[in-house]
Number of protein chains: 8
Amino acid sequence: GFAKIDLHRAQRQGFPEVIFGQGKTKEQITKIISSLIFHNEVILVTRVDEMKAKYILQHYPNLEYHQTAQLISTPLKDIPQSKYYVSVLCAGTSDLPIAEEAALTAEIMGVSVKRFYDVGVSGIHRLLSNIHDIRRGKVSIVIAGMEGALASVVGGLVNHPVYAVPTSVGYGANLNGVTTLLSMINSCAPGTSVLNINNGFGGGYNAAQIIHMLENKESEVSL
Amino acid sequence: GFAKIDLHRAQRQGFPEVIFGQGKTKEQITKIISSLIFHNEVILVTRVDEMKAKYILQHYPNLEYHQTAQLISTPLKDIPQSKYYVSVLCAGTSDLPIAEEAALTAEIMGVSVKRFYDVGVSGIHRLLSNIHDIRRGKVSIVIAGMEGALASVVGGLVNHPVYAVPTSVGYGANLNGVTTLLSMINSCAPGTSVLNINNGFGGGYNAAQIIHMLENKESEVSL
Amino acid sequence: GFAKIDLHRAQRQGFPEVIFGQGKTKEQITKIISSLIFHNEVILVTRVDEMKAKYILQHYPNLEYHQTAQLISTPLKDIPQSKYYVSVLCAGTSDLPIAEEAALTAEIMGVSVKRFYDVGVSGIHRLLSNIHDIRRGKVSIVIAGMEGALASVVGGLVNHPVYAVPTSVGYGANLNGVTTLLSMINSCAPGTSVLNINNGFGGGYNAAQIIHMLENKESEVSL
Amino acid sequence: GFAKIDLHRAQRQGFPEVIFGQGKTKEQITKIISSLIFHNEVILVTRVDEMKAKYILQHYPNLEYHQTAQLISTPLKDIPQSKYYVSVLCAGTSDLPIAEEAALTAEIMGVSVKRFYDVGVSGIHRLLSNIHDIRRGKVSIVIAGMEGALASVVGGLVNHPVYAVPTSVGYGANLNGVTTLLSMINSCAPGTSVLNINNGFGGGYNAAQIIHMLENKESEVSL
Amino acid sequence: GFAKIDLHRAQRQGFPEVIFGQGKTKEQITKIISSLIFHNEVILVTRVDEMKAKYILQHYPNLEYHQTAQLISTPLKDIPQSKYYVSVLCAGTSDLPIAEEAALTAEIMGVSVKRFYDVGVSGIHRLLSNIHDIRRGKVSIVIAGMEGALASVVGGLVNHPVYAVPTSVGYGANLNGVTTLLSMINSCAPGTSVLNINNGFGGGYNAAQIIHMLENKESEVSL
Amino acid sequence: GFAKIDLHRAQRQGFPEVIFGQGKTKEQITKIISSLIFHNEVILVTRVDEMKAKYILQHYPNLEYHQTAQLISTPLKDIPQSKYYVSVLCAGTSDLPIAEEAALTAEIMGVSVKRFYDVGVSGIHRLLSNIHDIRRGKVSIVIAGMEGALASVVGGLVNHPVYAVPTSVGYGANLNGVTTLLSMINSCAPGTSVLNINNGFGGGYNAAQIIHMLENKESEVSL
Amino acid sequence: GFAKIDLHRAQRQGFPEVIFGQGKTKEQITKIISSLIFHNEVILVTRVDEMKAKYILQHYPNLEYHQTAQLISTPLKDIPQSKYYVSVLCAGTSDLPIAEEAALTAEIMGVSVKRFYDVGVSGIHRLLSNIHDIRRGKVSIVIAGMEGALASVVGGLVNHPVYAVPTSVGYGANLNGVTTLLSMINSCAPGTSVLNINNGFGGGYNAAQIIHMLENKESEVSL
Amino acid sequence: GFAKIDLHRAQRQGFPEVIFGQGKTKEQITKIISSLIFHNEVILVTRVDEMKAKYILQHYPNLEYHQTAQLISTPLKDIPQSKYYVSVLCAGTSDLPIAEEAALTAEIMGVSVKRFYDVGVSGIHRLLSNIHDIRRGKVSIVIAGMEGALASVVGGLVNHPVYAVPTSVGYGANLNGVTTLLSMINSCAPGTSVLNINNGFGGGYNAAQIIHMLENKESEVSL
Ligand SMILES: Nc1ncnc2c1ncn2[C@@H]1O[C@H](COP(=O)(O)O)[C@@H](O)[C@H]1O
Ligand SMILES: Nc1ncnc2c1ncn2[C@@H]1O[C@H](COP(=O)(O)O)[C@@H](O)[C@H]1O
Ligand SMILES: Nc1ncnc2c1ncn2[C@@H]1O[C@H](COP(=O)(O)O)[C@@H](O)[C@H]1O
Ligand SMILES: Nc1ncnc2c1ncn2[C@@H]1O[C@H](COP(=O)(O)O)[C@@H](O)[C@H]1O
Ligand SMILES: [Mg+2]
Ligand SMILES: [Mg+2]
Ligand SMILES: [Mg+2]
Ligand SMILES: [Mg+2]
Ligand SMILES: [Mg+2]
Ligand SMILES: [Mg+2]
Ligand SMILES: [Mg+2]
Ligand SMILES: [Mg+2]
């Protein structure tokens, strides 16, 4: 009774309901998974710490746990080979968990990803030397903390949609990512839109949706 | 000397530099227009009040002023007939100027738009009775003030990208749109990303970019 | 000496003093309970974690602990059968503790409750398919986190008072529920008023007060 | 085309759509009025300054303008004589416009109102000497600016629902009423819920809805 | 070398330097105490948790630890019998630690205190029945959390200076006492001034300073 | 009917009700003055701009308008010669209106004032060369904008109560005085308490109250 | 009496007192100028609008008004030819007034300036093509609004001190420059420090001070 | 793959990449160190707690751990003897860790430092008695929490650049240092610029950069 799983979401939105693991007990998550599996849905659970993951995988050993990204999913058999790819960028090492949440979400949705990590603007040559490949992707996801300047710089260099994901990486006046979020929302580069702080999942989901449309398939998953 | 116009932006980003009219004098705007026209660029100026518009159109009578949207542009010869369209929704009458800024931006970029205005959630039947047509678009732009709930409701009903544009319509604890922005950034519906307060232009630009990609043309403008 | 219990509150306000357990030691709570029991008052303690509850129930084994809701109360003998009922809605699984705090508060005050859980707007059919029964209640309590859109949607669909209770469910720009609170305060639907973040008790108390008035009894409790 | 008036709201919510005048042009308001009149609806327009009111009344001389409250309405023929009344309190002289917005909204909805103005807590005898009559009402609306302490004091003295309406009366750290709002949301008195800053209309609407329920009539208007 | 103790403060300010214990290690505190004792100063250390207190009292067993107030001091031999007293009020049980910090600070500075605890405005009779004695004091310190309304009510009832000390007691939109602080700063009652959140020490210090002046002694301490 | 003047305030609080002129019409102010005069009260109106003052003085030519301070009062016959004086300090030229509001309030309440203006900390010799006279006063009122550092510096140099009044003088991150207020509330100097932004009146009132107590007269006014 | 001009500041700080014109009347400014001129000081007044400037220049026709920068100064005879120069960058056309405030402040203090205007990151080639000359300066002042990303990018490309000056250019979630300020304070590039919003003067002053030290002259002015 | 170390930063910026230890695992830090050592770079890691330090020093026993400052570095062989020194000031004992972070950063960069600790403004004689030596330095770093007044006072007394570093020392309305930051940004003393909360490293880095320039060496390190 505690959860009304949204079983026709795959139909309505092109992908089954994704479980937000944070704030749910391991038992609640397991129960929701069991119900989704019963209906043959693809499984994706975000924000699962190792402790919970262990418990869940004991019950569903066929699922896969991606530790950096804190995701549980139906295992990714092959890395997807979609026609177009998503460029996933992050500014620094500490942004990795969110970057991986974004990248894996897209991959689980059947979409190819190219990763460009630790390319923050304080050493802009690292970005510029990769810009050709970043541009060849059809969507960019830019993950950064602190002042989030990477989003604006990338936004000015590509001609495809940019999803900016602020992270809570920083301290003091970073205000747990609120400063990064506000900064990105004010980006002077057109073609950029913003997700919630640390919402790598949202970036990956949006990007995959665009690639799906470009490939004329609206809800296929490649696992 | 006061402005370095970004003349190869059309090449780099698929659309020439758009002039942000607010905070510039009418003389500055006119000078930038003259330089863009000299380089044969399409003109788009946002946030131009009537006073400034009058002055500018005296110098460039071939340009067109869209009063509700507060835009000046190379005139829209025919309403664009792109293969796919963008659904532009707004919650209430007072959101109209931003909705028109979004819709016209997309149209000036050569993209078809279907408008769904005054469909806010306090009378949700107005939205539901239009949902079929909204869904048939390839991107939605949702413009709302106050608590911005429309973005989440639409986000849960369509399977294409949703651009949420918070407006400053409201009073008191609306905090000039900051509440609406925060609310939309927290949307529980996947597939939604957010622009700055009153940034109708950003919504239109992003949406048009996606339609361009779907139609395999990356920078054509339909005027 | 440390507490002046407000013993004629039942007379003045229709219900005895309710103890806010958070921030009080288990010994302080036990002492206040003993004094209320001495005066034959109904007991209701909110925000009691399991640790404290165990201690208190060792001293007062006749009391009842509701774990999800984190409440201790004089035991609810029968589920109350009032003439009118309160509709208690929540958006997602993580809102359950607050929803139960609201529902049980009303029940302990002798008022019938119908629960509508996990009916958030990202899958609005779950709400719409229950709307007839929600409307038949005389008051609604809407409990939601994140952007809190559910309050506005419900507010537009019922013709009775709606109490909106923001929860701290969410992350990042949710700001521990402050965004949800601001969002609900800006609701575009008339007939909605707002309680503090996670104040399920307040929602239940207000709702019960209205049902009491409708049934012409101002302070009866049904335990 | 610019507005989809919500014509079955009276049915759905017990009262026809009320027009929020602020941010609408006088022409827009007049057009919406004409459409409502065509459908025989009661008219209520809030936040209308004198300038706009003059224009509107030239077109609809049968309507009435309440200057302090900044309301236009179908004229109040007789002061309503409902079985129960609403107590409307305000803390100081500067809160009057919002207090009148609340009181007149209730009266236009057919509900009796007793006014208790300038009874702020800095001279609490003014409140205490009226408390008997305040209590005899079935709902209280408490309108206050600055620190909004009146809401808590009243909340502790009555046993019926209290609607707290913060106003933007104050200066400095009052932050245009945000402090008052936050203060009221934290009220230590149970039975209090809160409206947006300066939302006298919301207070009146909620209160009238409760009186309607108590009198078993759900949408009658007494003009 | 790490601390320059302000040894002529007693001369300059009427009372020796008080040690702020929070954020200092137990060793640092002990070292500062030893230096003050060497100079024959009265000792007062605030914000000392039990763990630290134990360590310090092992080194200085002549000092006294006040657990609720989290203070260490030169022992209070007799309760001071000053000609005038300070009224210390608090709203609820959870405000006790701060109330005691205030009261004991004044007492250690040689000033009589009368305590009025748990007299919050939600049951205002508890305050009114004590008002005569509160008024007879020469200064009031009002300690409250949540919406802090008690400060305004007291401020309107006495004709001596009121020091309002906001506490972090509350939750949600209380914002850890920031709401209470803003509320008190906006008090509509003249004669009230405000201290930092939980700064009971500051309230006690200010009050004692006034009593000292009234008794024509500027720095005597009564231990 | 619109105002319940608090006529026994002089008795209860030692000084008659002071009228806060801001947000009241000139007619409302005049009416309240007439009622106070009828009861033989001393008149003090704060925040009166020149326009309103002119109107009011036409009706009550015996009253006096202090332009810098924006006050109307019963005329100050002689500068008061109380036994003790209040030191009023301000940091810069732009703080003058608030400094004068404070100083004149105290003088109208019969208390001597010594003014120390433009003594901000960026040129600290201006303060230090006056410190002897500042210290000889029995209370200090420190008025400053920007970062408000003057309050802490003075607080560390005197052994009497300091009332810190933040002003809205500053720009950018000063946030209209909120930064100054927060800064002063965090003052590291004991013996300091804080008033609302620009509340010179509050500073003067508090200070005068203390001087009254020192002189054993609790409500005399010296006009 | 209203101002204590800090006449030995030139000695103490290397440059005479600069007058902050905003919030002062034209008469006050004129009086302060006259006093400084009497003491043979160099004049610099910031934030002077045209209206005030006209009045002041009627009295002191030898002074010079810089309209874009809103400065009045002792006239700049020759553009200073210091050994080292300051690089002044701004992101967009609307940042010009602040950029000129910075540049002219430095020049009036005798320091050479190279201007790099409209080089914001949305078209980063404009910056990169100038980077050699920017680097050759000994200090950079980076003036930008919106998300302020330019400061971080420049900070990562130069090996001299960078002063970041946020401007209030932007809208919505820019919060009048607060977002830009927070963003710059969080810059991921070492070697960057931040001034108040729109404080071009502060940037110029700091930069000039460094150049002075490099040239071994600590307070010379080059007019 | 997880980190792209910025190896030509020493060349571009005058000092090799400094590792921000917070938020990185001990293994990640060790890997980055190994790569920098491989390229013969000087090592500086900030924000390393004891636990991590122990692990890292087991792998690189030649490195040095500075506990108060929480830094790991190539060992400081001799205290640097540069021609000019930096004055490092802090207000209180609790600011020490940040003060040491600043001082050691400068020393590791080969620059002499003079420490002036616990010289906060609440006892201003402690500052004034050291002012001659503070002034003789070429740059000041002022580290303070609470209201941060020390920065303004120092700023007004020296004629060299002042870097203000706010700390999170304080409580309540200090808001974890945000108040201190805002206060310092509003400093009324020219010649002051601000770093992020607790960013001692930034202060030290900036100061060392200036000393390097004064000594005509741009990237030498003195270990
Ligand atoms: N990491 C995430 N961030 C934001 N939304 C998420 C995340 N993971 C899942 N969701 C969304 O959260 C909703 C599920 O919420 P719940 O019913 O509480 O499990 C679904 O609509 C998901 O699309
Ligand atoms: N003063 C007011 N404050 C808040 N809501 C209002 C007010 N006046 C009207 N409304 C509501 O605003 C809605 C109409 O908005 P609109 O369509 O913009 O005219 C209706 O649902 C009213 O119930
Ligand atoms: N609980 C407290 N709250 C505020 N200030 C305090 C407190 N305890 C001590 N102080 C003040 O803090 C200063 C000592 O700070 P410190 O040098 O860090 O020990 C003294 O000036 C005291 O007057
Ligand atoms: N535009 C400005 N921004 C910040 N500070 C300024 C500005 N112009 C002048 N100042 C400083 O403000 C102080 C003068 O303030 P005042 O005494 O109010 O004129 C001087 O210390 C100047 O250094
Ligand atoms: Mg890196
Ligand atoms: Mg509408
Ligand atoms: Mg769900
Ligand atoms: Mg009054
Ligand atoms: Mg109690
Ligand atoms: Mg000055
Ligand atoms: Mg430009
Ligand atoms: Mg100290």
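Predicted model: local features only at pLDDT ≥ 70, side-chain atom pairs only at ≥ 80, totals over all residues.
**Where chain B touches chain A**

Start with the contact between chain B and chain A. Here 32 residues of chain B are in contact with 32 residues of chain A. The two chains bury about 3,000 Å² between them, and carbon and sulfur atoms give 53% of that area. There are 7 residue pairs in polar contact across this interface, both residues at pLDDT 80 or more. The largest share comes from α9(B), with 7 residues. By class, that side of chain B has 14 nonpolar, 13 polar and 5 charged residues. Even so, the count of salt bridges between chain B and chain A is 0.

**Where chain B touches chain C**

Now turn to chain C. In this interface 23 residues of chain B are in contact with 23 residues of chain C. The buried area is about 1,900 Å², with 70% of it on carbon and sulfur atoms. The salt bridge count between chain B and chain C is 0. Polar contacts number 9 residue pairs, both residues at pLDDT 80 or more. Helices α7 (149-155) and α8 of chain B each supply at least two residues to the side that touches chain C. The largest share, 4 residues, comes from α8(B). The residues on this side divide into 14 nonpolar, 8 polar and 1 charged.

Next, look at helix α3 of chain B, residues 50-59. Which residues of this helix are buried? They are Lys52(B), Ala53(B) and Ile56(B). These residues lie on the same side of α3(B), because they cover an arc of only 100° around the axis. An α-helix has 3.6 residues a turn, so residues three or four places apart point the same way. What covers the buried residues of α3(B) includes α2 (26-38), β3 (64-66) and β4 (71-73) of chain B. The face turned away from the buried side carries the exposed residues Met51(B), Lys54(B) and Gln58(B).

**Salt bridges**

Side chains of opposite charge can pair when their charged atoms come close. Over all chains, the count comes to 48 salt bridges. Three of them are listed here.

| Salt bridge | N to O distance |
|---|---|
| Glu107(B) and Arg115(B) | 3.0 Å |
| Arg136(B) and Asp133(B) | 3.5 Å |
| Arg47(H) and Glu101(H) | 3.4 Å |

Take the pair Glu107(B) and Arg115(B). Glu107(B) has 5% relative accessibility, so Glu107(B) counts as buried. Arg115(B), at 33%, counts as partly exposed.

Arg136(B) and Asp133(B) both lie in helix α6 (residues 131-136) of chain B. They are 3 residues apart, about one turn of the helix. Arg136(B) is partly exposed at 49% relative accessibility. Asp133(B) is also partly exposed, at 28%.

The pair in chain H links distant parts of the chain, 54 residues apart. Arg47(H) sits in the loop between β2 (44-46) and α3 (50-59), while Glu101(H) is in helix α4 (residues 96-108). Are these two residues buried or exposed? Both Arg47(H) and Glu101(H) are buried.

Salt bridges can also share partners. In chain A, such bridges join Glu100(A), Glu107(A) and Arg115(A) into one network.

Note on methods: Residues numbered from 1 in each chain as written. Chains lettered and ligands numbered in written order. Heavy atoms only, no water. Contact = heavy atoms within 4.5 Å. Buried area = accessible area lost by both parts, 1.4 Å probe. Salt bridge = Lys/Arg side-chain N within 4 Å of Asp/Glu carboxyl O. Polar contact = N/O pair within 3.5 Å; in protein donor to acceptor, adjacent residues only side chain to side chain. Nonpolar A, V, L, I, M, F, W, Y, C, P; charged D, E, K, R; others polar. Buried < 20%, exposed > 50% of the residue type's maximum accessible area, 1.4 Å probe, protein only. Arc of directions from axis to C-beta.
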